Amino acid sequence: MTAIEFTYHIAKVSKSLKPFAVRLTKDSDDANDLLQDTLLKAFTNREKYADGTNLKAWLYTIMKNTFITNYQRMVRKNTFIDTSENLHYINSLENSTDNDAHNKFVMEDINRAVDSLEETYRVPFMMHYRGFKYHEIAEKLHIPIGTVKNRIHIARKELKDKLSLYAYSF
């Protein structure tokens, strides 16, 4: 199989690799990197591929092994070995710090998305979020319970669309 033919076959199969990469990495950007690494390894090692075998299975195996190797490398890189005599650094909390910047940005985005909802959807949604039952919301807003459920459903759907950026972040 020529390099061009091989590239053509990989391009056809590679679309099914993206969801697998997302499941492994739980992050869209990391999934794209893993997919790119997989395709690069497959292309550079194309002479090892035997014609007539399952190309998709071969690519999935490369992706899984690449992910495992990268994960093990990251764990080794982030492992801190305390060489002090009394293990002072391992047992010390004075050198640790929390960075809440990411959480702050996420909460700002969530609040902005909720605030951007039309009031007819935002009010029942926020009441439900705060613990009100459907029938309590219906009584307080003087609307049928089915309308309450529908508005909360629409609010959730709009928020899901507006916050789709975070779908694979957590």
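Helices are DSSP runs of H or I of at least four residues, numbered from the N terminus. The model is predicted, with local features requiring pLDDT of at least 70 and side-chain atom pairs pLDDT 80 or more, while totals for chains, interfaces and linings use all residues. Residues are numbered from 1 along each chain as its sequence is written, and side-chain values use heavy atoms, without hydrogens and water.

A pocket is an open set of points on a 1 Å grid over the protein atoms alone, where a 1.4 Å probe fits, with protein on both sides within 12 Å along at least five of seven lines; lining residues have an atom within 4 Å of a point. Among the lining residues are Thr25, Asp30, Leu34, Phe67, Tyr71 and Lys77.

The second largest pocket holds about 220 Å³ of space. Its lining receives at least two residues from each of helix H5 (101-115), helix H6 (119-129) and helix H8 (145-162), with H5 giving the most, four residues. Met107, Phe125, Tyr129 and Arg156 are among the residues lining the second largest pocket.

Helix H2 (residues 17-25) and helix H3 (residues 28-44) meet through contacts (heavy atoms within 4.5 Å) that include Leu17, Ala21 and Thr25 in H2 and Ser28, Leu35 and Leu39 in H3.

Methods: Axes fitted to C-alpha atoms, helices over the stretch in contact; angles between N-to-C directions. Points joined across faces, edges and corners; volume = space filled by probe spheres on them.
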